[in-house]
Amino acid sequence: MSTSSTKRTALVTGANSGLGKAVAQALAASGARVLMLVRDRARGEAARLDIMQATGNNDVELLVGDLSSQAAIRRLSAEVHARTDVLHDLVNNAGTAFREHGLTADGVERAFAVNHLAPFLLTHLLLDLLRAGVPARIINVGTRMDTAMDFDDLNWTRRPYRMMAAYGQSKLGNIHFTRELARRLAGNGIRVNCVFPGVFRSNLGGTDGAQGLFWKSVALLLGWALTPPEKAAERVMYLLQSPDVADLSGEYFGNRKSISAPAQADDPAANARLWQISARMVGLETP
């Protein structure tokens with residue numbers, strides 16, 4: 001087990017490209033020990049070498065696993081615990097979208113599994129390390145789409161499947177999760193916030209052809225301009241490092257300021273309902 005009393009330890013999911021890589025590099029440049037969680041070992045190793053070369057920080061490590069699999073998430077948690085006994089920063093960045101409907105091996109719609117259930121489960125499994133690292137910060141990377149979740153059809157088995165709608169609703173789960181987790185962690189030194197990083201160039205981690213053009217399509221549809229991942233990473237780093245937000249938790253941020261969330265995400269009862277549904281889906285008992 002490797003630990004350090006002089007530097008912060010951070011874990012970033014989806015860290016081999018786009019925003020995740022930019023955040024991992026910014027953290028490494030700040031002197032942190034960085035654990036990069038990626039899906040593809042070769043791409044992850046290439047990104048790790050890039051980051052070490054760019055920052056001069058060799059304390060950058062690779063974790064490889066498929067966040068669509070709950071068994072893989074539990075294995076990854078065990079690996080993190082084997083490597084460190086403390087975690088100061090957790091950035092739940094990994095996200096995906098799919099053109100076609102499909103279920104994971106756990107029987108969960110794929111976008112919902114990766115975009116919401118994966119950070120929900122991984123965060124729970126790492127809370128002991130975050131408690132050991134207080135003051136600690138959790139950042140959930142969300143998106144900005146005005147939508148609401150259908151709690152009775154999270155797997156899209158009763159409705160016609162639409163990629164954008166499924167993606168938007170799964171990412172709304174990040175705000176629900178942030179709100180409820182902040183309430184449950186109140187007073188224990190762990191801050192959790194959600195950030196909309198803007199629209200940036202990303203492959204989104206898809207596996208069925210949605211990846212390359214997804215955000216370009218979003219930008220064209222909504223009239224947004226694509227920004228470099230490094231610029232988007234500044235919004236994440238602000239929430240991780242700025243003393244101005246050190247005492248804030250449960251907030252939804254844009255560019256260094258709170259922004260409005262879809263109405264459903266501002267409903268504490270809805271936050272709690274999704275929490276309980278999610279806990280059942282991943283086999284967790286939560287008070």
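Trainee: What kind of model is it, and how are residues numbered?
Mentor: It's a predicted model, where local features need pLDDT of at least 70, side-chain atom pairs count only at pLDDT 80 or more, and totals for chains, interfaces and linings use all residues. Residues are numbered from 1 along each chain as its sequence is written, and side-chain values use heavy atoms, with hydrogens and water left out.

Trainee: How many helices and strands does the protein have?
Mentor: Eight helices and seven strands. Those are DSSP runs numbered from the N terminus: helices are H or I with at least four residues, strands are E with at least two.

Trainee: And what share of the residues is buried?
Mentor: Buried residues make up 56% of the 287 in the protein. Buried means under 20% relative accessible area, exposed is over 50%, and partly exposed is in between, with a 1.4 Å probe and protein chains only.

Trainee: How much of the contact count comes from residues 24 or more positions apart?
Mentor: Those account for 77% of the contacts with a separation of 6 or more. A contact means heavy atoms within 4.5 Å.

Trainee: OK, cores. How many residues are in the largest nonpolar core?
Mentor: It has 49 residues, and the ones with the most contacts inside it are Leu-11, Leu-126, Leu-130 and Ile-138. A nonpolar core here is a set of buried Ala, Val, Leu, Ile, Met, Phe, Trp, Tyr and Cys residues joined through side-chain atoms within 4.5 Å.

Trainee: Which element supplies the largest share of this core?
Mentor: Helix α4, with eleven residues. Leu-126 touches Leu-11, Ser-77, Val-80, His-81, Leu-87 and Leu-90, leaving out residues up to four places away in sequence. There's also a second, separate core of 32 residues, and Ala-15, Val-141, Val-195 and Met-237 are among them.

Trainee: What else is in α4?
Mentor: Ala-113 lies in that helix. At 5% relative accessibility, Ala-113 counts as buried. Beyond its neighbours within four places in sequence, Ala-113 is in contact with Leu-67, Ser-68, Thr-104, Val-108 and Ala-118.

Trainee: Switching to rings. How many aromatic pairs are there?
Mentor: The structure holds five. Rings of Phe, Tyr and Trp (its six-membered ring) pair if their centres lie within 6.5 Å; planes under 30 degrees apart count as stacked, over 60 as edge-to-face and the rest as tilted. One of the pairs is Phe-120 with Phe-177, which is tilted at 5.3 Å centre to centre and 55° between the planes. That pair links distant parts of the chain, with Phe-120 in α4 and Phe-177 in α5, 57 residues apart.

Trainee: Why is the pair of Phe-120 and Trp-275 called edge-to-face?
Mentor: Because their planes are at 80°, with the ring centres 5.2 Å apart. This pair also links distant parts of the chain: Trp-275 is in helix α8, and the two are 155 residues apart. Phe-120 and Trp-275 are both buried. Ring pairs link Phe-120, Phe-177 and Trp-275 into a cluster.

Trainee: Which rings have a charge over them?
Mentor: Arg-110 lies over the face of Phe-98, at 4.0 Å from the ring centre. The charged end of Arg-159 sits over the ring of Trp-156, 3.6 Å from its centre. The test is NZ of Lys or CZ of Arg within 6 Å of the ring centre and within 35 degrees of the ring normal.

Trainee: What's phi like at Trp-156?
Mentor: Positive, about 55°, although Trp-156 is not a glycine. Most residues other than glycine have a negative phi, and most peptide bonds are trans. Trp-156 lies in the loop between β5 and α5, and Trp-156 is buried, with a relative accessible area of 5%.

Trainee: And Arg-256, buried or exposed?
Mentor: Exposed, with a relative accessible area of 51%. Arg-256 also has a positive phi, near 65°, and lies in the loop between β7 and α8.

Trainee: Last one: where's the cis peptide bond?
Mentor: It joins Val-134 and Pro-135, with omega about 0°. Pro-135 is in the loop between α4 and β5.
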